[in-house]
Amino acid sequence: MSETTFDKDRARAFTSRMLGILNDGALSLMMSIGHKTGLFDSLDGNPPASSQEIAEKAGLDERYVREWLSAMACGGVVDYDPESEMFSLPDEHSGLVTRRAGPRNLTVQMQQIGMLAEVEDDLVGVFENGGGLPYDKFPRFQALMSDSSERRFKSGLIEQVVPLLDMTDALQSGIDVADVGCGSGLASYLLGQEFPNSRFVGFDMSNEGISRANDTAKDLDNVSYQVADAAALNQDPSFDLVTTFDAIHDQAKPKDALAGIFAMLRPGGTYLCVEPKASSVLEENLEDPMAPFMYTISTMHCMTVSLAYGGDGLGAAWGHQLATEYLNNAGFKDIKVEGIRHDPGNNYFISTKPTS
């Protein structure tokens, strides 16, 4: 490349960008630690304090807390006063890093960075040889998804998702509902509490998830769970509503899963399919601030898990166009794409099974 064609300003800008990526990648791990240890919650709403005071409040070792606070101060996450040597969490930041922030607490998602790092070397192998990484390579995945789902469901499931379906009266009167790929079963549990006249069944292939779900719901007699592969449900048309929450795109056989969901619905039944908000066209995702994270999660978990089982490998960014096509091909009609305030990262596809 000649001197005249080399853009020095672009090179300098990319140097700055690279340093930012390096620093922010490190900060995401430290912020995940801040979530797990409760440090952000200890700082939330409190006046400036020393590292010793913060460590004592959180019940943690001061030396580690001091180093963590230093990283947070240099990263612009917490404020630091050099004269008093005290740290504080700005109110403007607390809404994105504390537990009271609910689904807007991005440190919950930052836990995934550490989880994905555990499979980096294995993933290099499938880049070279093809194939994928199976579920057992991600032993922490179920717990992390439960943590994320808890905040999303508790803040928005009853108040925002149910009204989208226009089925409140039916749920109050009593209908049959299934949640496919239910994980630890929280959605069914919360709905079962709210609508005692309806009956809820959760299906998931994870024995661990179903066991945890059964423990949680043992106080409800209208909620049950079954171990089942989403692609091989083999259920009769006995449900009025079926839901999936971020469960279709990482299926090995998503078309089979959708066919099974269609079959288990009664004529006129409703299907709620929640999937990552994205376009199937790459250039339409370029300006999405969460797109790099989405494609990384897709490469290192969603896509590779599907490919491990000889699947389609749709990935998290399969997009609303392809999702709508899959729903149409499965037989669903009157497809609407909605969104809710407490879950800005997902599309809510609502469709029906024709009556004839």
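Which residue in E6 is the bridge partner of Val 177? The bridge partner is Leu 241. This is a predicted model, and the report below covers the overall dimensions, the sheet and one surface patch.

**Overall dimensions**

The protein chain has 14 helices and 9 strands. Along the principal axes, the C-alpha atoms occupy a box of roughly 75 × 60 × 35 Å.

**The sheet**

An open sheet is formed by 7 strands, ordered E5-E4-E3-E6-E7-E9-E8, with mixed pairing. Strands E5 and E8 stand at the edges and each has a single partner strand, so one side of each lacks a neighbour in the sheet. On average, neighbouring strands of this sheet are turned by 20° against each other, direction ignored. Within the sheet, E3 and E6 pair in the parallel sense over 3 bridges.

Helix H12 packs on the sheet and touches E3, E4, E6 and E7. The direction of H12 makes about 145° with that of E7.

Residue ranges of strands named above:

| Strand | Residues |
|---|---|
| E3 | residues 176-180 |
| E4 | residues 199-204 |
| E5 | residues 223-227 |
| E6 | residues 239-245 |
| E7 | residues 265-276 |
| E8 | residues 333-338 |

**Surface patch**

Phe 14, Met 18 and Ile 21 make a nonpolar surface patch of about 290 Å². Of these residues, Phe 14 lies in helix H1, which spans residues 8-37.

Definitions and conventions
Residues are numbered from 1 along each chain as its sequence is written. This is a predicted model: local features need pLDDT of at least 70, side-chain atom pairs count only at pLDDT 80 or more; totals for chains, interfaces and linings use all residues. Side-chain values use heavy atoms; hydrogens and water are left out. Two strands pair if DSSP finds at least two bridges between them. Helices (H or I, at least four residues) and strands (E, at least two) are DSSP runs, numbered from the N terminus. Axes are lines fitted to C-alpha atoms, for helices over the stretch in contact, and angles run from 0 to 180 degrees between N-to-C directions. Contact means heavy atoms within 4.5 Å. Patches are made of residues with over 30% relative accessible area and no salt bridge: like charges are joined within 9 Å, nonpolar side chains (Val, Leu, Ile, Met, Phe, Trp, Tyr) within 5 Å. Accessible areas come from the Shrake-Rupley method with a 1.4 Å probe; for residues, only the protein chains shown count as cover. A salt bridge is a side-chain nitrogen of Lys or Arg within 4 Å of a carboxyl oxygen of Asp or Glu.
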